[in-house]
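Hi there,

Here is the structure I promised to pass on to you. Have a look at it first, and then read on for my notes.

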Amino acid sequence: MTEPITCVVLSTGLENFKDIRRALTAEDRVKLLAGGNDAEQLYEEIVRLKPDAAIIALGPNAETAVRFIEKLNAECPRTALISAAQDASPDLILKSLRAGAREFLRIPISAEELRTVLTRVSELATKQQVEPPKKKGRMVAVFSSKGGCGTSFIATNLAAATASKTVLVDLNLQAGDLPLFLGLEAKYSIADMVEKRQRLDEALINSLVTPHTTNLSLLAAPREADHADEIEPQHIYEVLQKLREHYDYVVLDPQHTFDSITLAALDQSDEIVLVVTLDIPAIRSTQRALEIFDRLGYPRKKVKIIVNRWSKQIDLDLRQVEKFLGEPVVGFVPSDYQTAVGSINLGTPLVQAEPTSKIALEIRRIAQQMSLGVAPIDESQQRRPFWASLLKKQSAQPNFNLPQMEKV
Ligand SMILES: Nc1ncnc2c1ncn2[C@@H]1O[C@H](COP(=O)(O)OP(=O)(O)O)[C@@H](O)[C@H]1O
Ligand SMILES: [Mg+2]
């Protein structure tokens, strides 16, 4: 490659930064585009400049740096990420490599080591010029740090509202229930996908997901909870990356805790739909979630807050809630227990079963606002007379595909 190797450096420690800069300026073939200690600003720069390489120093806050690598790896797969540290433990080096770093440099950087690494970066850049970039679908996590707010219901309906190839992923590994929401019986689960993750191609992925419509498929949670124990965050990371290459949208329904699997999913997501109900415990828990997102370095624009089960009767001043959370609320899904539960019991998302219901219309509006390509409402369903829906309700078979319970 005759072009210079473009490079960006992130280091929270000044000494490390000086050493990296010293080593890079001694190399004629390197062009340093940006550097500093502000991770958020450099992230934007890297996304914009798409350098050949980014060197990330693992300073005292190594965990944050590793997460930064993970995030960059998802966003800029063509930038070779290089972690660097003084006296790094093998464990830390391994963590950074697992997060997506291709190389590691010891600080102070030896000229010879740097030359070897630069040669590999340069080879990679040449190879990438030849290979077409991989497709990268958009990943949206629907999250609430408190159970029962309706995240599974909203995730299912958001996924069903899109007009493109979408996969809904049940990340409640111990107790997933999304097959019920879609009226499906899943033969395979994410545990099978994790097991076969090294050789996931289009055909294998198609055989492990459960189709609901031509556009929407489900990747179910393991049927046996003990299969979930063997799944590690890195496995989830790899599987989700693969799904992005084959779907336009990957919609995630994670657990309601900040466990390592959920964090791996949230880190990777382009957007987080944060679901809150208008009661004090849920609002408090949402505020804590926002604080955690801040600490994890998520930009606020990644998070979209929506209120579920909204009702005019709730005696809480919305402006006060927004002020308390410090973020605007972008959607209000009305409360209608009968309609919501009715669609779940039938195993058909409401945006399909009753596309003109208030809940379905608002979820479609939220999807449109987030620029998820939304399918137009089926005209025949829109003009359906009211008695037709009564007939449909009477004739529809509830989804009693529940696990068999033993009689005591
Ligand atoms: N907008 C709504 N109005 C009324 N009930 C709702 C609404 N959204 C969800 N529900 C009900 O809330 C319950 C919990 O929903 P679910 O999606 O399972 O929550 P989570 O996944 O957050 O634990 C379900 O019985 C569902 O029918
Ligand atoms: Mg749920």
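To start with one residue: is Asp87 buried or exposed? Asp87 counts as exposed, because its relative accessibility is 74% (buried means under 20% relative accessible area, exposed over 50%, and partly exposed in between, with a 1.4 Å probe and protein chains only).

Before going further, some housekeeping. This is a predicted model, in which local features need pLDDT of at least 70 and side-chain atom pairs count only at pLDDT 80 or more, while totals for chains, interfaces and linings use all residues. Residues are numbered from 1 along each chain as its sequence is written, chains are lettered from A and ligands numbered from 1 in the order in which they are written, and side-chain values use heavy atoms, with hydrogens and water left out.

**Backbone details**

Asp87 sits in the loop between β4 and α4; helices (H or I, at least four residues) and strands (E, at least two) are DSSP runs, numbered from the N terminus. Although Asp87 is not a glycine, it has a positive phi of about 45°. Ser371, not a glycine either, has a positive phi of about 60°. You will find Ser371 in the loop between α17 (358-369) and α18 (379-382), and its relative accessibility of 53% means that it counts as exposed. The peptide bond from Ile107 to Pro108 is cis, with omega near 0°, and Pro108 belongs to the loop between β5 and α5.

Five strands form an open sheet in the order β2-β1-β3-β4-β5, with parallel pairing (two strands pair if DSSP finds at least two bridges between them). Its edge strands, each pairing on one side only, are β2 (30-36) and β5 (103-106). From one strand to the next, the twist averages 25°; axes are lines fitted to C-alpha atoms, for helices over the stretch in contact, and angles run from 0 to 180 degrees between N-to-C directions.

Within this sheet, strand β3 (residues 53-57) and strand β4 (residues 80-85) run parallel and are joined by five bridges. Ala53 has Ala80 as its bridge partner in β4. Helix α1 (residues 14-25) lies across β1 (5-10), β2 and β3, and runs at about 165° to β2; contact here means heavy atoms within 4.5 Å.

**Salt bridges**

How many salt bridges does the structure hold? There are 20 salt bridges, each being a side-chain nitrogen of Lys or Arg within 4 Å of a carboxyl oxygen of Asp or Glu.

One of them pairs Arg67 with Asp267, with the closest N and O atoms 3.5 Å apart. This pair links distant parts of the chain: Arg67 is in helix α3 (residues 62-75) and Asp267 in helix α12 (residues 260-268), 200 residues apart. Arg67 is partly exposed, at 25% relative accessibility, whereas Asp267 is buried, at 6%.

Another joins Glu271 to Arg138, where the closest N and O atoms are 2.8 Å apart. Here, too, distant parts of the chain are linked, with Glu271 in strand β11 (residues 271-276) and Arg138 in strand β6 (residues 138-143), 133 residues apart. Glu271 is buried at 10% relative accessibility, and Arg138 is partly exposed at 22%.

Asp270 and Arg244 also meet in a salt bridge, at 2.6 Å from N to O. Arg244 is buried, with a relative accessible area of 1%, while Asp270 is partly exposed, with 25%.

**The largest pocket**

The largest pocket has a volume of about 1,200 Å³. On a 1 Å grid over the protein atoms alone, a pocket is an open set of points where a 1.4 Å probe fits, with protein on both sides within 12 Å along at least five of seven lines, and lining residues have an atom within 4 Å of a point. Grid points are joined across faces, edges and corners, and the volume is the space filled by probe spheres set on the points.

Of the 39 lining residues, Asn73, Pro77, Arg78, Arg102 and Gln128 are the closest to the centre of the pocket. Helix α11 gives the largest share of the lining, eight residues.

Enjoy exploring!
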